[in-house]
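The following exercises are to be worked through with the sequence and the coordinates at hand. Each task is followed by a stepwise solution.

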Amino acid sequence: MIRDLETELKTPLFERLARGVRPIGPAETVYGHFQAVLREIDAARQKARNGADAFTGTLRVGLAPTVTKGILPKMLADFLRAYPKLDVRLTEAFSGKLTEWTVAGEIDFSIVAAPPGSRQLITRRIAVEPIVLISGPESGRKHLEKIRLPDQDPIKLVLPWTHHSIRSMLDRFLRSGDIPVGRTIEIDSVPGMLGLVRESDWSALLSITSVMSELASGALIVQPIEHPAMSTEFYMIHPARQTLSPAAIKFSEAIERGFAENLETWMTYIR
């Protein structure tokens, strides 16, 4: 089929390699048109299936750990009650792995904390969140007190593992000296990071949604950072060759509302 198209266009579109192919020439432009055609075909299939019931079958969703902890508990039960005929399969992973699964079509859509920049995906930013300093009672810090990190004594800092989306940003601030650090440990789990912080004098830097459930309880000390201002973004991604099903749209909208509600709640705490 590809060779037939190359013959028709009278130009090669791919360089044949030992392992796979590499797009050349006008292949990128042609690829974009193909993606649009595939979306139209998928949209037609969706309409045909949805004639009976738009909210049946299986919805496969990938979520970043922050979303699983800070948004999912508040919205999932209501969503399941609203659509009793829909099977929902959720998986939690960091952004890199979720992107791989979404490109492969193993997941209908994902919420990730880093834009993948792949032409095989449609990407839409759904939230921008402040990074906060999170400490335990042993730290002696004051809950919700604004803080300038460069003015602090060296912090014992729990860092997310290197493949976590915010790690590269934190590393830039660490190298610049804006975050004074006495000692670090890496933990590949948001609950694991918060568990250590809760029971020790270690601290962590994470987005506000990670600790929404602890804001009122006082189990963790959460402080807004005046300097350096840090934030992270969250994106909804899905395969470019497919359209989102009505169920996927509803679920992603609920997640987006969760981010907006969390930010609104956070602003009431720090005004």
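**Exercise 1.** Which residues in helix 7 (residues 190-198) are buried?

*Solution.* The model is a predicted one.

Step 1. Val-190, Met-193, Leu-194 and Val-197 are the buried residues of helix 7.

Step 2. These residues lie on the same side of helix 7, because they cover an arc of only 90 degrees around the axis. An α-helix has 3.6 residues a turn, so residues three or four places apart point the same way.

Step 3. At the N-terminal end, helix 7 is capped by Ser-189, with a side-chain oxygen 3.0 Å from the backbone nitrogen of Gly-192.

**Exercise 2.** Determine whether Glu-214 is buried or exposed, and identify its contacts.

*Solution.* 

Step 1. Locate Glu-214 in the loop between strand 10 and strand 11 (221-227).

Step 2. The relative accessibility of Glu-214 is 7%, so Glu-214 counts as buried; the cut-off is under 20%.

Step 3. With neighbours within four places in sequence set aside, Glu-214 contacts Lys-69, Arg-198, Ala-219 and Leu-220.

**Exercise 3.** Describe the largest nonpolar core.

*Solution.* 

Step 1. This core has 33 residues, and Ile-208 and Met-230 are among those with the most contacts inside it.

Step 2. Elements giving two or more residues to this core include helix 6 (167-176), helix 7 and strand 10.

Step 3. A second, separate core of 25 residues includes Leu-59, Met-75, Leu-86 and Ile-111.

Notes: Residues numbered from 1 in each chain as written. Predicted model: local features only at pLDDT ≥ 70, side-chain atom pairs only at ≥ 80, totals over all residues. Heavy atoms only, no water. Buried < 20%, exposed > 50% of the residue type's maximum accessible area, 1.4 Å probe, protein only. Helix = DSSP H or I, 4+ residues; strand = E, 2+ residues; numbered from the N terminus. Arc of directions from axis to C-beta. Polar contact = N/O pair within 3.5 Å; in protein donor to acceptor, adjacent residues only side chain to side chain. Contact = heavy atoms within 4.5 Å. Core = buried A, V, L, I, M, F, W, Y, C linked by side-chain atoms within 4.5 Å.
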